[in-house]
Amino acid sequence: MPIYTHNHIKEQANSLIKEFNITKLPVDVRKIAGRLGIDIVEMSTDSWFYGMLTRYHDDCYIVINKMMPESRKRFAIAHEIGHYKLHIDDLGYQRSPDKEHYHREADVFALELCIPTSLLKQEAYSWYNDHKFLADMFNVSEALMVKKMEDLELIPKGKFSWNYANWKAV
């Protein structure tokens, strides 16, 4: 399996958005999975487990942790759809250290699927780059929205600090 460029990975995510004519936010990743023929199974598992893509005979399943917040579930589903689109022929990668890049690629795919660049640019302009409002609109975490907005240079890198250790109530 090749190592993909970020542009190629983003094009793959955007091709799904176009194919399924997604114009409404947040992007319905569960619907996309269903239209791809992937069933989603939610299970109560340990907190370290987010999700996985598995195949049984010719059927594919995404298993996600039922205990996660919905925004985290959405990203986990999008991540696993990324594995489906990019790595379906090599699902034995989970335990292979030389395939760690698969997870980075799936993260790039998931970020683009949950927060499509074209829709974010349009909404960010309309809402004055309000990352909190946009995170709610796209149903993602604030940290994920800030990362995407920094990547697109909609907001300056390093403007937001997620270190709350020194915060004190007044």
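Modeller: Start at Phe 138. This is a predicted model. Setting aside neighbours within four places in sequence, Phe 138 is in contact with Leu 25, Pro 26, Arg 74, Cys 114, Ile 115, Pro 116, Leu 119, Leu 120, Glu 123 and Met 145. Phe 138 belongs to the largest nonpolar core, a set of 43 residues. It is listed among those with the most contacts inside that core, along with Ile 32, Ile 81, Leu 113, Ile 115 and Met 145. At least two core residues each come from α1, α2, β3, α3, α4, α5, α6 and α7. In soluble globular proteins, nonpolar side chains tend to be buried together.

Now take α1, one of those contributors. Its buried residues are Ile 9, Ala 13, Asn 14, Leu 16 and Ile 17. Seen down the axis of α1, they fall within an arc of 150°, so they line one face of the helix. The cover over these buried residues includes α2, α3 and α4. On the other side of α1, Asn 7, Glu 11, Lys 18 and Glu 19 are exposed. The length of α1 fits too. Its 14 residues should span 20 Å at 1.5 Å a residue, and the end C-alpha atoms are 20 Å apart, which agrees. Just after α1, Asn 21 takes a positive phi of about 50°.

Next, the charged pairs. The structure holds 6 salt bridges. One joins Arg 30 to Glu 70, with the closest N and O atoms 3.3 Å apart. Arg 30 is in helix α2 and Glu 70 in helix α3, 40 residues apart. Both are partly exposed: Arg 30 has a relative accessible area of 29%, and Glu 70 has 35%.

Another joins Glu 42 to Lys 73, at 2.9 Å between the closest N and O atoms. Glu 42 lies in strand β1 and Lys 73 in helix α3, so this pair ties together parts 31 residues apart in sequence. Glu 42 is partly exposed at 30%, whereas Lys 73 is buried at 9%. Arg 30, Glu 42, Glu 70 and Lys 73 are linked in a network of salt bridges.

Finally, look at Glu 112 and Lys 148. They form a salt bridge, the closest N and O atoms being 2.5 Å apart. Glu 112 is in helix α4 and Lys 148 in helix α7, so the bridge ties together parts 36 residues apart in sequence. Glu 112 is buried, with a relative accessible area of 1%. Lys 148 is buried as well, at 3%.

Conventions: Residues are numbered from 1 along each chain as its sequence is written. This is a predicted model: local features need pLDDT of at least 70, side-chain atom pairs count only at pLDDT 80 or more; totals for chains, interfaces and linings use all residues. Side-chain values use heavy atoms; hydrogens and water are left out. A nonpolar core is a set of buried Ala, Val, Leu, Ile, Met, Phe, Trp, Tyr and Cys residues joined through side-chain atoms within 4.5 Å. Buried means under 20% relative accessible area, exposed over 50%, partly exposed in between (1.4 Å probe, protein chains only). Helices (H or I, at least four residues) and strands (E, at least two) are DSSP runs, numbered from the N terminus. Contact means heavy atoms within 4.5 Å. The expected span of a helix is 1.5 Å times one less than its number of residues. The arc is that of the directions from the helix axis to the C-beta atoms. A salt bridge is a side-chain nitrogen of Lys or Arg within 4 Å of a carboxyl oxygen of Asp or Glu.
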